[in-house]
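Please read it alongside the sequence and the coordinates.

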Amino acid sequence: MADVQTLNMVAAGVDPASDRLSGPRGARPRRTLSRRNIFIYGTLILVAVYYLIPLYVMIVTSLKGMPEIRLGNIFAPPVEITFEPWVKAWATACTGLNCDGLSRGFWNSVQITVPSVIFSIGVASINGYALANWRFKGADTFFTILIVGAFIPYQVMIYPIVILLREIGLYGTLWGLVIVHSIFGMPILTLLFRNYFSSVPEELFKAARVDGAGFWRIYFVIMLPMALPIFVVAIIIQITGIWNDFLFGVIYTKPDTYPMTVQLNNIVNSVQGVKEYNVNMAATILTGLVPLIVYFVSGKLFVRGIAAGAVKG
Amino acid sequence: MDTPATSVSIRDLSLNFGTVAVLKGLDLDIQEGEFLVLLGPSGCGKSTLLNCIAGLMDVSDGQIFIKDRNVTWEEPKDRGIGMVFQSYALYPQMTVRGNLSFGLKTAGMAKDEIAKRVARTADVLQIEPLLDRKPSQLSGGQRQRVAIGRALVRDVDVFLFDEPLSNLDAKLRSELRVEIKRLHQKLANTMVYVTHDQIEAMTLADRIAVMRGGQIQQLDAPQTIYSRPVNRYVADFIGSPGMNFLSGAVEIKDGIPHFIAEGIDVSLSNYIFNGDAVAAGPAELGVRPEHIGVNSGEDWPYANTVAVEVVEPMGSDTLIWSKLGNQNISMRLPSERAPRVGDSVSIGFDPMRASLFDIATGARL
């Protein structure tokens, strides 16, 4: 190729040696304000603003007093910042007979989410490990059944589970809801872990067996430390899924044990009295805060874990 | 059991995956302290056989004895084996020390004994400076050395190697090859080594088992496999560049068998036949490129003159291609004596060093 270039330059009457020295060299220069950059960043900024405006409105509104809200300028920043709506939403807003705000729902949700996440991920990771590494008889059938479970609409199973929980005496309790969440998380989590453990080189597993490690020792000492990224993914999926759940919460618990989402709905949709927009906004942000924090804290790990699991499926 | 000196003994071993028979009624006896290489192309069942010996795969039929003990149903850890894998299979989250001591810890060995063994192993393999590093901080050659150490530290009777050098580059491979050979001479343990690389097989093995389709084709010393392959498959698989095969027929002239093809007539008077009766019939004559003399000035039992068609320099040697009768034939000679394309050269070979195969069965005649 260099020869062709030289020939062309000779034909054009250019001295090839000097042209070569002064020609392009090193990294290609790039303009910061190229048309391409303007288009890309312009689009990104536009979309970001579009997504962030509702959040802005919510935060701004939650910091205003009711008289200021009645003026109707929803985009205007608060003239007088007040945290009273936040306090009320957390501690004194009324839902039905209780007037202790969202705090009760928050603690209920914590009591539901923590055991559900631990239990479902614990069982699903062992499931996935057994399915991927210990190919027992009927493993494929078992896996197929589990995957089919992921595609059955939840609504179909609501009533049978109500009866089931009633019969074992857990209907309306937090533990009943924990069991329900753990069961419904099982198919997708098992799939997640199975795929991850399948991507771990088989020879590693064989080496551990030659070294004399059994089922549990390989799981805890070899596999578990390697599976940290996928555990983070599973934890995020479960925390946000269970925290945001409304359907199961409203069906399988009683007013005393309602999770935060159900309580939020009851606060926002209460019909008597004035609509307190600032309290509603504050309550909504409070409810969404937990998944939001989870995302912010673990975003990087989440992406890494998803990518790791996607290598081999 | 027949002889007490048998280290690993395999009796009528079969393994089926569903309807596919991977190993078919395989028998193999490995002597105490022997270095046995299982050689074959991918899919011939050599790694599967090794996994069966290790106990990582359940067999469908047959028995496996290690040190005269029937281990067919035993767990890998109870078989007295150590295994080295192609991908090293080091535990990524543990240090080299952790990797070496994992098996010993699992076995519940006392701490000071573990430390002693790890130190001894590290000394043998010269990996002391690496003991506190993680596998990700090691080069390929160092990783494989640690992997060998993990087998070594457990003080096992039998070492199993599953293509341990295939992930390394050519230079490291030859270095580690020598190191494994040294290790074997030093330890004198039984070693079973799986590879598809015939150079590794030839250089390392006391005996080579050439495998194909789940069966052992030939089990012999490397030199025997090279010079007297039992069938056309083994002859073709061993040797690089590959053996020349001339198809033709065996005819008996005046009581002396001759190999006849178009333009070729080789007297087989000094060829050592398998069995006594030599029958006339279609056959293939296999001649290795390095056994054909080119312009050598020697008096060959068979000689001819051919024109050079292609010249392939390979460094120290040069491979030249030509036609004998109407069949392609390659010859190997030192590069300094290499002819040029179009030259006419006199060639010759000794039928005693050639191999004659039945066309239908491929078996050595």
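In which sense, parallel or antiparallel, do strand β11 and strand β14 of chain B pair, and over how many bridges? In this predicted model, strand β11 (residues 244-253) of chain B pairs with strand β14 (residues 281-287) of chain B in the antiparallel sense, and seven bridges join them. Within this pairing, B:Gly248 of chain B has B:Ala283 in β14(B) opposite to it.

Both strands belong to an open sheet of five strands in chain B, whose order is β13-β12-β11-β14-β20 and whose pairing is antiparallel. At the edges stand β13 (264-267) and β20 (355-358) of chain B, and because each has a single partner strand, one side of each is left without a neighbour in the sheet. On average, and with direction ignored, neighbouring strands of this sheet are turned by 35° against each other.

In chain A, helix α9 (residues 174-199) packs against helix α7 (residues 139-151) and also crosses helix α12 (residues 228-244). The two pairs are set out below.

| Helix pair | Angle | Axis distance | Handedness |
|---|---|---|---|
| α7(A) and α9(A) | about 125° | 8 Å apart | left-handed |
| α9(A) and α12(A) | roughly 160° | within 11 Å | right-handed |

The axes of α7(A) and α9(A) meet at an angle of about 125°, which makes α7(A) oblique to α9(A). Their contact is formed by A:Leu146, A:Ile147, A:Gly149 and A:Ala150 of α7(A), together with A:Met186, A:Pro187, A:Ile188, A:Thr190 and A:Leu191 of α9(A).

The contact of α9(A) with α12(A) holds eight nonpolar and three polar residues, and no charged ones.

At the level of whole domains, the assignment for chain A gives domain 1 (39-82) and domain 2 (112-276 + 293-310), and the C-alpha centres of these two domains of chain A lie 36 Å apart.

The contact between the chains takes 17 residues from chain B and 14 residues from chain A. On the side of chain B that touches chain A, the elements giving two or more residues are β6 (81-84) and α2 (96-106) of chain B, and the residues of that side divide into 11 nonpolar, five polar and one charged.

Terms used: Residues are numbered from 1 along each chain as its sequence is written. Chains are lettered from A and ligands numbered from 1 in the order in which they are written. This is a predicted model: local features need pLDDT of at least 70, side-chain atom pairs count only at pLDDT 80 or more; totals for chains, interfaces and linings use all residues. Axes are lines fitted to C-alpha atoms, for helices over the stretch in contact, and angles run from 0 to 180 degrees between N-to-C directions. Helices (H or I, at least four residues) and strands (E, at least two) are DSSP runs, numbered from the N terminus. Angles under 35 degrees count as roughly parallel, over 145 as roughly antiparallel, 65 to 115 as roughly perpendicular and the rest as oblique. A crossing is left-handed if the near helix is turned anticlockwise from the far one by less than a right angle, and right-handed if clockwise. Two residues are in contact if their C-beta atoms, placed from the backbone, lie within 7 Å. Ala, Val, Leu, Ile, Met, Phe, Trp, Tyr, Cys and Pro count as nonpolar, Asp, Glu, Lys and Arg as charged, and the others, Gly among them, as polar. Domain bounds come from an automatic or database domain assignment. Two strands pair if DSSP finds at least two bridges between them.
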